Amino acid sequence: MRRAVFVSLLMMVPLLGVRAWDPWPVQELRGRLFDWMQAIEPRRQDAAPVVIVDINEDSVASLGQWPWPRNVIARLIDTVADASPSVIGLDILFAEPDRMSPDQIARTLKDIPPEMRRRLEGIKSNDQILAESVSNAPVVLGIAVGAAGAKAGVRLPDDMTPVIEIGDDPRPFMPGYSGAVSNIEALTEASSGQGVVSFDLGSGGVARRFSGVARLDNQLIPSFALEMVRVASGRREVAVHAGLAGVEGFVSGDRFVPADQQGHVWPYFSLHRSQRFVSARDVLDGNFDRARLQGAYV
């Protein structure tokens, strides 16, 4: 009996070593197994609490090429907000001033009469219009970490959502980033929250998981998903639970979300459902069922 136990333990040691090392073949196998399990038993959902306002081909054909002027985005947010959603998430980065804003056009055009330039500069900017719409609705903005064009040492807003640490320090277990891309100051100040939209692309460039909380230098920032749940619940903070073995999970609102050792959340995916989507063109035209957005995560 003792010999059998000894042999079993002896066999487990290299397996545990391989798991701790987690080389590429192990990651690839785990990813493929994850995909296979999702395919044979996708998540079943009767309700559709999340609604996606889709900037689809019909919307672009109707309203012009992307990016749209931000006064159009403002009108989109105003229309969605009128339907009383629980929260609105904008997973679009507005890192620079809107070049289609009247004041920006005035700076770009060199050979226009001084009177026309003064009039253009006197018109409220598209960024101001969008900031007003954002401030009047429960809007969460995105932050990209480790993205192309990310700047090291980016100063994040002082009123970032606090991440409460319960248990051990989670930072040694989490992947860290030194650069980020955020939104212009006017929009950041007007928003109800900001969350990380970046995904960890696994084998084959497939997004199977996301970090519940990202570590930017030494600061912890909630993910876009957790931040939307927090804003919808009316809470002020999110929390991360960690132990000696690593991250255990996160709390946002009244929900505990389990995570792996490094703080990655692996969603249980459902099949594509057309009921989740509404065209941005239809929203702007008023040609949509407002009840679909009421109380939803949009």
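## Surface patch, sheet and helix

Trp36 lies in helix H2 (residues 24-40), where helices (H or I, at least four residues) and strands (E, at least two) are DSSP runs numbered from the N terminus. The model is predicted, with local features needing pLDDT of at least 70 and side-chain atom pairs counting only at pLDDT 80 or more, while totals for chains, interfaces and linings use all residues. Residues are numbered from 1 along each chain as its sequence is written, and side-chain values use heavy atoms, without hydrogens and water.

Trp36 counts as exposed because its relative accessibility is 52% (exposed means over 50% relative accessible area, buried under 20%, partly exposed in between, with a 1.4 Å probe and protein chains only). Together with Leu33, Met37 and Ile40, Trp36 forms a nonpolar surface patch of about 440 Å² accessible area.

Elsewhere, three strands form an open sheet in the order E9-E10-E16, with antiparallel pairing; strands pair if DSSP finds at least two bridges between them. E9 and E16 stand at the edges with a single partner strand each, so one side of each has no neighbour in the sheet. E10 and E16 pair over two bridges, and Phe210 has Val265 in E16 as its bridge partner.

| Strand | Residues |
|---|---|
| E9 | 200-201 |
| E10 | 207-211 |
| E16 | 264-265 |

Helix H4 (residues 70-81) has buried residues including Val72, Ile73, Leu76 and Ile77. The buried residues of H4 pack against strands E1, E2 and E3 and helices H7 and H10, contact meaning heavy atoms within 4.5 Å.

Note on methods:
Patches are made of residues with over 30% relative accessible area and no salt bridge: like charges are joined within 9 Å, nonpolar side chains (Val, Leu, Ile, Met, Phe, Trp, Tyr) within 5 Å. Accessible areas come from the Shrake-Rupley method with a 1.4 Å probe; for residues, only the protein chains shown count as cover. A salt bridge is a side-chain nitrogen of Lys or Arg within 4 Å of a carboxyl oxygen of Asp or Glu.
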